[in-house]
Every structure is written in structure tokens, then in C-alpha cells.
Amino acid sequence: MKTLSVLVLSLLFLWGCKEDKPDRYFSASPEIDQTKALIGDYEKGDWKAMQAHYADTAKIYHNSTRAISASDFVKSFQEGTAGYQSYGFQDNDQYYEMIIDDKDERWVNFWGNWEATFKEKDTSLVVPVHVTLEFKDGKVVEEHAYYDTAGLMMIMNKIAADKAAAEEMNN
């Protein structure tokens, strides 16, 4: 009985000393809400609102190891979407998570399927996309995105070739 009492007291002591670690993974957070709003602004073409999600010093890396500024990034999207009849992320199969890493940095990960229909060819394209965004003080300070641009480039090259052929026929 004495051994059982010592064992129970030891377990209680060890359990009481257990260090509670903070949560590190989240499926809901203000940063996730901010990411959803940023994507919504992109889909609406609200470039001013989209830019407001980024810190002035934000570094953006899309399929690159070279950073661009948030203003250059937003401008490139504004120009790039001009050739689309429609564009945005499919409503199904969107996933968001936030992590707090060992450096206490807050990162939101987004996975979704981007879809666009081109004005010139009435051709649609679907591309899986992964974006990860670091937040500080409610603003994106760093963003990385990864997606395959091969299909996009094939369609754009076909549009350019068709335009060149039409111009040549008119001359």
C-alpha cells in the first residue's frame, strides 16, 4: 500500500510539473481571416485594398528566390489579370492553416486551385497554388508562392503566335 501511495504521489507530482506548451497550429485566426480578405481583394481586382494587407517593407517571392516589393507585386497582378475574362480560386478544395514556428513567427499557409479564362481564346486553365505568408502586427511581411506556370505560358504564347499570324496575313 505504501508503494502504491508513493507511486500515485509521484505521478501527481510529475503531472503537476508538466509544462503546458502553447498551441502552434490553428485552423482559425485573425491572420487566416486577413489571408482570406487578401485573396478576396485579388479576386475582385481591388488593388488598393489588396496592397493594404502588406507592410511597406514586405518581401514577395513567387516562384523566385528574388524578392519584389508589395507595390510591384500588386502592379504585376493588376497588369497580368487584364488578359483574363475571369480569374480566381475555385471555392472547393481551399485549405488554410496558421502555424507559430519555433521563432514565434506567424505563418499562414493556403492551398487552392486557381482558375482563369482567357479573353482571347476563351480557354480555361486550372493551376494548383500554395502560398505561405508571414504576419507581423496584422500585416504580411513576407510571402512565398509556388505554382506551375507552364500551362499559362503555353496559352499566352499561342495567343501571341495567333496575333502575329493574323497581322502577317493582313500585310
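I started with lysine 139 and found it in strand S7 of this predicted model.

Next I looked up what lysine 139 touches, skipping the neighbours within four places in sequence. My list for lysine 139 reads Ala52, His53, Tyr54, Ala55 and Glu134. I also checked aspartate 56 against lysine 139: the two are 83 residues apart in sequence, yet their C-alpha atoms are 9.1 Å apart.

Then I followed the strand pairing. S7 covers residues 139-147 and runs antiparallel to S6, with eight bridges between them. What stands opposite threonine 132 in S7? I found histidine 144 there. The hairpin of S6 and S7 has two residues between the strands, and I noted that aspartate 137 has a positive phi near 50°.

On to the other partner of S6. Strand S5 (residues 106-118) is antiparallel to S6 (residues 124-136), and I have twelve bridges down for this pair.

Last entry: serine 29. I found it in the loop between strand S1 (25-26) and helix H2 (30-44). Serine 29 has 10% relative accessibility, so I count it as buried. Where does its side chain reach? The side chain of serine 29 gets to the backbone nitrogen of isoleucine 32, at 3.0 Å.

Conventions: Residues numbered from 1 in each chain as written. Predicted model: local features only at pLDDT ≥ 70, side-chain atom pairs only at ≥ 80, totals over all residues. Heavy atoms only, no water. Helix = DSSP H or I, 4+ residues; strand = E, 2+ residues; numbered from the N terminus. Buried < 20%, exposed > 50% of the residue type's maximum accessible area, 1.4 Å probe, protein only. Polar contact = N/O pair within 3.5 Å; in protein donor to acceptor, adjacent residues only side chain to side chain. Pairing = 2+ DSSP bridges. Contact = heavy atoms within 4.5 Å.
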